[in-house]
Amino acid sequence: MNVLNEAAIFAARKNRKKILMEDCLEAVDKVLLGPQRKSARFTVHEKEVTAFHEAGHALIAHLFPDSDPVHKISIIPRGRAGGFTLKLPEEDKRLHSRKELLADIAVSLGGHAAETFKFGEMTTGASNDLENATQLARRLVTTYGMSDKMGPRTFGQTSEMVFLGREIHEQRDFSEKTAQHIDEEIDSIIRSQYKLVQETIRKHAGHLEMIAKKLLEVETLDRADFEALFDSPQNAAASTSTA
């Protein structure tokens, strides 16, 4: 309902009596990511960093077969984000495999790896991505029982206040030694995925540059325009190894 309300507002602003698909797509972006911050000002370098950051997310999502496809990439600020890469599944899912969760972790790490690869340093823009990757790796180990090392069990009991929609207390039901093993397994998962991401970005450095430069030119790419960057024979040659 929120999406349709927002879509109706966008249509009204353009003096239309009917809601078009473009209104719905803009409404989805606003509901998921927040309103555009048209007043935000970035330096030329910050905009370039943002473009390569989002290009890193998008490149990894496109190349990792267990990731959902890229729906839209933008370096226009929305909400608290300086840019965003939006992935959407081809169909509704209720279950997720270990491979899919690992791909999500890899995509989250793609921006950080792209910044480091291009500029030789990292920025604070990757902090939320790193938090997401860490939380997902922790759930993989402690909630979903998907760790070969820790086995098919859960760790920790969480009490929730359902009417508030948030967790308020976690009770540890394991030893300090087990806690150390959990931390080591989370660290191992993140490091192994980050290594794969780094290798992929080095191998496809040309595509990373191409996506970032296109973003700097047009600021927003939808799925069709993004995938077109990989389709032509000329662009296929952009996949180069710098290792």
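Asp68 is placed in the loop between α3 (44–63) and β1 (70–74), where helices (H or I, at least four residues) and strands (E, at least two) are DSSP runs numbered from the N terminus. The model is a predicted one, in which local features need pLDDT of at least 70 and side-chain atom pairs count only at pLDDT 80 or more, while totals for chains, interfaces and linings use all residues. Residues are numbered from 1 along each chain as its sequence is written, and side-chain values use heavy atoms, with hydrogens and water left out.

Asp68 counts as buried because its relative accessibility is 16%; the term buried applies under 20% relative accessible area, exposed over 50%, and partly exposed in between (1.4 Å probe, protein chains only). The side chain of Asp68 forms a polar contact of 3.1 Å with the side chain of Lys93. Such a contact is a pair of N or O atoms within 3.5 Å; within protein, one must be able to donate a hydrogen and the other to accept it, and residues adjacent in sequence count only if both atoms are side-chain atoms. When residues up to four places away in sequence are not counted, Asp68 touches Ala61, Lys87, Leu88, Pro89 and Lys93, contact meaning heavy atoms within 4.5 Å.

The chain as a whole contains nine helices and five strands, and its elements follow the order α-α-α-β-β-α-α-β-β-α-α-β-α-α from the N terminus on. Of the 243 residues in the chain, 38% are buried. Among contacts between residues at least 6 apart in sequence, 66% join residues at least 24 apart.

Helix α3 also holds His57, which is buried, with a relative accessible area of 6%. The side chains of His57 and Asp129 are joined by a polar contact of 3.0 Å. Beyond residues up to four places away in sequence, His57 touches Thr85, Val107, Ser108, Gly110, Gly111 and Asp129.

Two packed helices are described by the angle between their axes and the distance between the axes. The axes of α3 and helix α7 (residues 205–218) come within 8 Å and cross at roughly 130 degrees; axes are lines fitted to C-alpha atoms, for helices over the stretch in contact, and angles run from 0 to 180 degrees between N-to-C directions. The two helices α3 and α7 are therefore oblique to each other, given that angles under 35 degrees count as roughly parallel, over 145 as roughly antiparallel, 65 to 115 as roughly perpendicular and the rest as oblique. The contact of α3 with α7 has nine nonpolar, two polar and four charged residues. In this classification Ala, Val, Leu, Ile, Met, Phe, Trp, Tyr, Cys and Pro count as nonpolar, Asp, Glu, Lys and Arg as charged, and the others, Gly among them, as polar.

Helix α4 (residues 98–119) and α6 have axes that come within 8 Å and cross at roughly 55 degrees, and α4 and α6 are therefore oblique to each other. By class, 13 nonpolar, five polar and one charged residues make up the contact of α4 with α6.

Ile182 lies in helix α6 (residues 176–203) and counts as buried at 1% relative accessibility. Apart from its neighbours within four places in sequence, Ile182 is in contact with Arg138, Val141, Thr142, Met150, Phe155 and Phe174. The C-alpha atoms of Ile182 and Lys149 are separated by 8.9 Å, with the two residues 33 apart along the chain.
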